[in-house]
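The sequence and structure are shown first.

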Amino acid sequence: MKTIKELLRDADPLRYEAPPDQRDFHGQADLAAGTDDCKPTPPLARRWRIVVLAALVMIAAFLVGARVWSLFVSDLRVQAAVRFEVKLAEEKPGPGLHQAKVADSDRSVYLHDEVIVTNGDIVSARVVPGGGPSEYGVNVEFNASGAEKMRAATENHIGKQMAILLDGQVVATPVLRTPIGASARITGKFTRRQAERIANGITIQ
Amino acid sequence: MDAQYVRASPAVAANNPVDRLASLFDLHYDRLYRLARRLTPNADDALDLIQETFLKAARFPRSIPIGAREEEAWLVRVLINIRRDQWRKSSVRDRHDKSQAKGSQLAIGSANPEATLIARTAVWKALDILPPRRRAIIVMHELEGLAIPAIASLLGITAITVRWHLSRGRHDLTHALKAYMGDAQ
């Protein structure tokens, strides 16, 4: 019967193995950070895991933050409904007409009181390229009743101006060449962002 | 910080940290290797362990006490602590399964030299069930022939604790190595 001591002595690798060459030791420059004592600090692998975890947490926090921010921003955009109106306009003042300044110009037009179509008559609106580089317009599609109202109003107004108002501001005063039906395009010197804001805003009922 | 310390401590003032580390290395490498090899399953792990120990010494030169005995004690404790960290990383279940599997496989052979080698390896593997500090105490006592008070002062613990670790370690090893103790009769 062998004792533990004898078993261990038999199995002791130092009895069978050649001692290692001391030159096997190579000092490493990339020392791990740790505390300044001889208490055990986490080994490299565990520390790497902590670093990777921390990085993941930061990325996750960033993504969540970005998501929240985008919700916030899109909420702002959603709330910024744009009131859309189309009215007939005249170049000269007359009875029952109200003067209105055209945005971004010195011109004024004289508006009829009657609103032809408004937000409720719009099916969709999308941003379209405008007249020049980095200029954008908004294309508006009317629903059946909206298209009918537009046609009825514009038929008798050929050769004269129509006014498109956003939030009560006249932004465009196209001269009618033909009756307008199912769609109208608001061109203006909008930036893409403005055009998007309008397109998103006017489809809100 | 380091520079300030060197100036403040006359005993170290003569040596710069690099010289200090080199002398530590020359003086204690063999002793540390003997311990490290007996705490690890293979020579590579032992070399890694020593490397980590000296890396720690290189990082914290001012926490190493002066004097050969004190240096040795510091290095031995750091080495055991590093080993403990490594040991904790691998799960207990892994160790248990491994030692069980080896045990049953190894009880078969008896007379031929290959079986002896395998049995020897298995006995060494069985040491892995011991937590590193207990293993170090067993190793120092049974293989290095250190007396209990010497171990106690080296590790900075009481003789009673050393004795307790010894008896627990022997108990666990007796369980794990029952097959070999009978087999070698």
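In this predicted model, helix α8(B) is mostly covered, since eleven of its twelve residues are buried. The buried residues include P132(B), I137(B), I138(B), V139(B) and M140(B), and also R133(B), R134(B), R135(B), H141(B) and E142(B). Which elements cover them? The cover includes α1 of chain A together with α3, α5, α9 (148-155) and α10 of chain B. Just after α8(B), G145(B) takes a positive phi of about 70°.

The setting of this helix is chain B, which has eleven helices and zero strands. Of the 185 residues of chain B, 32% count as buried. Contacts may also be described by separation along the sequence. Among those in chain B between residues at least 6 apart, 66% join residues at least 24 apart.

**The largest nonpolar core**

In soluble globular proteins, nonpolar side chains tend to be buried together. The largest nonpolar core here has 41 residues, of which L35(B), A36(B), L79(B) and V123(B) touch the most other members.

The largest share, seven residues, comes from α5(B). The core also draws at least three residues from each of domain 1 (1-89) and domain 2 (91-185) of chain B. Leaving aside residues up to four places away in sequence, V123(B) touches L7(A), D10(A) and A11(A) of chain A, as well as L177(B) and Y180(B) of chain B. Apart from this core lies another, of 32 residues, among them F84(A), A125(A), V138(A) and A184(A).

**The packing of α3(B) and α5(B)**

How do two of the contributing helices meet? The axes of α3(B) and α5(B) are 10 Å apart, and the two helices pack at an angle of about 35°. The crossing of α3(B) past α5(B) is right-handed. On the side of α3(B), the contact is made by residues including L24(B), L27(B), R31(B), L35(B) and A36(B). On the side of α5(B), the residues include A68(B), E71(B), L75(B), V76(B) and L79(B). By class, this contact has ten nonpolar, one polar and four charged residues.

How values were computed: Residues are numbered from 1 along each chain as its sequence is written. Chains are lettered from A and ligands numbered from 1 in the order in which they are written. This is a predicted model: local features need pLDDT of at least 70, side-chain atom pairs count only at pLDDT 80 or more; totals for chains, interfaces and linings use all residues. Helices (H or I, at least four residues) and strands (E, at least two) are DSSP runs, numbered from the N terminus. A residue is buried if 20 or more other C-beta atoms lie within 10 Å of its own, exposed if 12 or fewer, and partly exposed in between; C-beta atoms are placed from the backbone. Two residues are in contact if their C-beta atoms, placed from the backbone, lie within 7 Å. A nonpolar core is a set of buried Ala, Val, Leu, Ile, Met, Phe, Trp, Tyr and Cys residues joined through C-beta atoms within 7 Å. Domain bounds come from an automatic or database domain assignment. Axes are lines fitted to C-alpha atoms, for helices over the stretch in contact, and angles run from 0 to 180 degrees between N-to-C directions. A crossing is left-handed if the near helix is turned anticlockwise from the far one by less than a right angle, and right-handed if clockwise. Ala, Val, Leu, Ile, Met, Phe, Trp, Tyr, Cys and Pro count as nonpolar, Asp, Glu, Lys and Arg as charged, and the others, Gly among them, as polar.
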